[in-house]
Amino acid sequence: MVTAPAPQNGSRQAVNRSRRETLAAYTFLAPWFVGLFLITIGPIVASFYLSFTDYSLLEEAKWVGLENYTHLFTENPRFWTSLKVTGIYVLVSVPLQLGFALGLALMLDRGLRGLSFYRSIYYLPSLLGGSVAIAILWRKIFGADGLINGLLALFGIQGTSYVNDPDTALGTLVLLHVWTFGAPMVIFLAGLRQIPSSYYEAAAMDGAGVIQQFKSITLPLLTPIIFFNLVLEVIKSFQSFTQSFIVSNGSGGPNDSTLFYTLYLYTKGFKDYEMGYASAMAWVLVVIIAGLTGVNFLASKYWVFYGDSK
């Protein structure tokens with residue numbers, strides 16, 4: 001007896017349904033793809049091309065090859081000054097901020113009443129620290145007639161305009177960055193909450209004090225969180241712009257002491273209309289950040305602990 005072949009209607013319907021679902025998925029994803037190519041990938045490719053051109057926004061771009069990069073590294077002392085200022089800012093402000101954030105997280109982890117309220121209040125500086133309003137307020141606080149000098153005057157101390165002094169101007173921006181400790185603090189607090197309390201109980205039974213517990217339990221188990229915050233804050237610090245722009249009135253002064261790399265890039269692109277040159281500076285910054293991030297990842301295997309592995 002010969003068996004008749006099974007009808008193919010079911011399989012065809014399944015294929016058609018799958019095609020319709022795929023088409024619907026791509027239809028809903030279409031706006032995202034348009035944004036990806038027009039807003040992200042397109043400008044990236046354009047800036048890379050413009051970095052090899054002489055382009056002023058007002059005239060047609062002219063191909064100059066590596067001239068922008070050569071001029072940056074060999075004929076532009078302000079480029080090196082901006083790198084130096086930014087490097088000092090990152091090296092000083094990031095460790096101070098992370099240390100301060102970790103200290104506050106340890107304090108909040110001790111079981112304070114109203115923890116959610118304190119956590120929200122302490123997070124506010126991270127939301128406001130990069131704003132123009134806070135930068136203006138910071139300039140007023142550290143100005144000649146600001147709050148700091150007002151407090152010093154109570155003790156008979158004559159202050160100065162800290163934002164206009166080359167020796168202290170960058171320090172005021174470092175303090176502003178440290179003040180925006182909220183985001184890393186919340187991440188540290190979440191990491192502390194993941195450490196089992198049984199570890200501390202066992203250590204206490206062995207006679208370990210608070211400092212020894214911190215060194216032997218808290219710090220090693222928190223190294224992945226420290227590494228995460230370190231990578232994020234280094235990238236964020238290299239991109240700092242608003243603080244320097246507002247505090248120095250867009251000049252990077254006094255005497256280029258607050259000339260952040262991004263501020264100098266902005267100056268070349270939107271004040272001097274050297275957009276090709278600014279594009280070259282932007283790609284140099286990309287390479288610097290990528291290189292430092294890679295170094296952090298390579299070095300992490302020597303000090304970051306994941307579970308029982310080193």
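Guide: Let us begin with the second largest pocket of this predicted model, whose lining includes Gly 87, Val 90, Leu 91, Val 94 and Pro 95, together with Leu 230, Val 234, Phe 238, Leu 292, Val 295 and Asn 296. Two or more of these lining residues come from each of helix H3 (77-108), H10 and helix H13 (275-300).

Visitor: Which helix gives the largest share of the lining of the second largest pocket?

Guide: The pocket has a volume of about 200 Å³, and its lining has nine nonpolar and two polar residues, with no charged residues. The largest share of that lining, five residues, comes from H3.

Visitor: Which helix gives the largest share of the lining of the largest pocket?

Guide: About 240 Å³ of space lies in the largest pocket, and its lining divides into five nonpolar, two polar and two charged residues. Among the lining residues are Asp 109, Arg 110, Val 210, Gln 213, Phe 214 and Thr 218. The largest share, four residues, comes from helix H10 (residues 210-238).

Visitor: Is the crossing of H3 and H7 left-handed or right-handed?

Guide: The axes of H3 and helix H7 (residues 169-179) come within 8 Å and cross at roughly 35°. Residues of H3, including Val 85, Ile 88, Tyr 89 and Phe 100, meet residues of H7, including Leu 170, Leu 173 and His 177, and by class this contact has 11 nonpolar, three polar and no charged residues. As for its hand, the crossing of H3 and H7 is right-handed.

Methods: Residues are numbered from 1 along each chain as its sequence is written. This is a predicted model: local features need pLDDT of at least 70, side-chain atom pairs count only at pLDDT 80 or more; totals for chains, interfaces and linings use all residues. Side-chain values use heavy atoms; hydrogens and water are left out. On a 1 Å grid over the protein atoms alone, a cavity is a set of points where a 1.4 Å probe fits but cannot get out, and a pocket is an open set with protein on both sides within 12 Å along at least five of seven lines; lining residues have an atom within 4 Å of a point. Grid points are joined across faces, edges and corners, and a volume is the space filled by probe spheres set on the points. Ala, Val, Leu, Ile, Met, Phe, Trp, Tyr, Cys and Pro count as nonpolar, Asp, Glu, Lys and Arg as charged, and the others, Gly among them, as polar. Axes are lines fitted to C-alpha atoms, for helices over the stretch in contact, and angles run from 0 to 180 degrees between N-to-C directions. A crossing is left-handed if the near helix is turned anticlockwise from the far one by less than a right angle, and right-handed if clockwise. Contact means heavy atoms within 4.5 Å.
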